[in-house]
Amino acid sequence: MKFGVVVFPGSNCDHDAYHVVSKHVGQPVDFIWHKETDLSSFDAVIVPGGFSYGDYLRAGALARFSPVMESVRNFASEGKFVFGICNGFQILCESGLLPGALRRNAGLHFVCRHVNLKVENHTTPFTTEVIADKVLSIPIAHAEGNYTCDDETYNMLEENGQIVFRYCDENGEITDASNPNGARSNIAGICNQNRNVLGMMPHPERACEELLGSNDGRDIFSSLTKAIAQVEAAA
Amino acid sequence: MRNNLKFILNHTMKAKVFVTLKPSVLDPQGKAIHHSVELLGFKNLADIRQGKYFEITFDDGVEISDARETAENIAKNMLANPVIEDYRVEITD
């Protein structure tokens, strides 16, 4: 089992993701420079947070054209796991790997704090290890996390169970007050139809140690690790 | 005469690309600007929406039809995100 962490110019959560995979997941992990195109040695690719290309034009818009992204697209179409966090989520949307777009926060501010997340689908490869009804405490840190899509896309997401995380209050209730950025229907994370590509605005890699205020992020990484092990066992 | 000829041969063609949010997409930045403009005392403003403007300058000798097609493709594939934005291209020479 091997994880890869893509590094774009301006990525700044790449080392956090690397640290969590090597220390807490306990699996081999390598950085993947954005000009590389061979992903054959990896079972899962993390597209990390940060400000790729300085967020020029739109967040994630220019990273989409890096050579590695064509390979990430093929990697995803083979059913392998792609995990976009924050700027990584924005890049996956810009690339068309996930539907919709992430717009400027409704309140215009950069929001940096712990939020509560409700897991709306416990059957994805990224969420099987989260116990039922557990409200996850995971930090966000973004100015463009306002998830937007048209009605047709929204209905498709709902029907297919592709809405994976929603912002909620501490009791797991989906409320306007718990929505930090104006995202449609409190959406914090979605997956593709095949469930092997996930994007989320909150940073689970920053919530894997009690010292940092929460280790709820580990549930997501351990789910993914289990899913990869199952794929390996079936091969 | 010579100067005129040089002008004709070296004229630069430009594409102006306007990227705007789709009408259905909320524009919190435009709203904030609108609010501030009203604080400045400007009245009778129904709405302000923010967009992006790009100027693309072509090499000498590019045909206008090629310039338009190229600018449209650049706008469609990169400058605008079709999920939330529309674009419009104007060619000037």
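Reader: What distance does helix α5 (residues 217-234) of chain A reach from its first C-alpha to its last?

Author: This is a predicted model, in which local features need pLDDT of at least 70, side-chain atom pairs count only at pLDDT 80 or more, and totals for chains, interfaces and linings use all residues. Residues are numbered from 1 along each chain as its sequence is written, while chains are lettered from A and ligands numbered from 1 in the order in which they are written. The expected span of a helix is 1.5 Å times one less than its number of residues. For the 18 residues of α5(A) the expected span is 26 Å, and the distance reached is close to it, at 26 Å.

Reader: Which elements of chain A do the buried residues of α5(A) pack against?

Author: A residue is buried if 20 or more other C-beta atoms lie within 10 Å of its own, exposed if 12 or fewer, and partly exposed in between, with C-beta atoms placed from the backbone. In α5(A) the buried residues include A:G217, A:I220, A:F221, A:L224 and A:I228. Contact requires that the C-beta atoms of two residues, placed from the backbone, lie within 7 Å. The elements packed against are α1 (14-25), β3, β4 (81-85) and β7 (135-142).

Reader: How many helices and strands does chain A have?

Author: Both kinds of element are DSSP runs numbered from the N terminus: helices are H or I with at least four residues, strands E with at least two. On that basis chain A has five helices and 11 strands.

Reader: Why is chain A as compact as a globular protein of its length?

Author: The radius of gyration is taken over C-alpha atoms, and the globule rule is 2.2 Å times the number of residues to the power 0.38. Along its principal axes the C-alpha trace spans about 45 × 40 × 35 Å. The rule gives 18 Å for 235 residues, and chain A is as compact as such a globular protein because its radius of gyration is close to that value, at 16 Å.

Reader: What share of the contacts in chain A with a separation of 6 or more is accounted for by residues 24 or more positions apart?

Author: Buried residues make up 54% of the 235 residues in chain A. Among contacts with a separation of 6 or more, the share of residues 24 or more positions apart is 77%.

Reader: Which residues have the most contacts inside the largest nonpolar core?

Author: A nonpolar core is a set of buried Ala, Val, Leu, Ile, Met, Phe, Trp, Tyr and Cys residues joined through C-beta atoms within 7 Å. In soluble globular proteins, nonpolar side chains tend to be buried together. Not counting residues up to four places away in sequence, A:V82 touches several residues, among them A:V45, A:V72, A:F75 and A:L97. The largest core has 73 residues, and those with the most contacts inside it are A:I46 and A:V82.

Reader: Which residue of β11(A) stands opposite A:I85?

Author: Strands pair if DSSP finds at least two bridges between them. β4(A) and β11(A) run parallel and are joined by four bridges, whereas β10 (residues 187-191) of chain A runs antiparallel to β11(A), with three bridges. A:G189 has its bridge partner in β11(A) at A:M200. The residue opposite A:I85 is likewise A:M200.

Reader: Is A:L57 buried or partly exposed?

Author: Most residues other than glycine have a negative phi, and most peptide bonds are trans. A:L57, in the loop between β3 and α2 of chain A, has a positive phi near 70°. In that loop, too, is A:Y53, with a positive phi of about 55° and 22 C-beta neighbours inside 10 Å, so A:Y53 counts as buried. A:L57 has 17 C-beta neighbours inside 10 Å and therefore counts as partly exposed.
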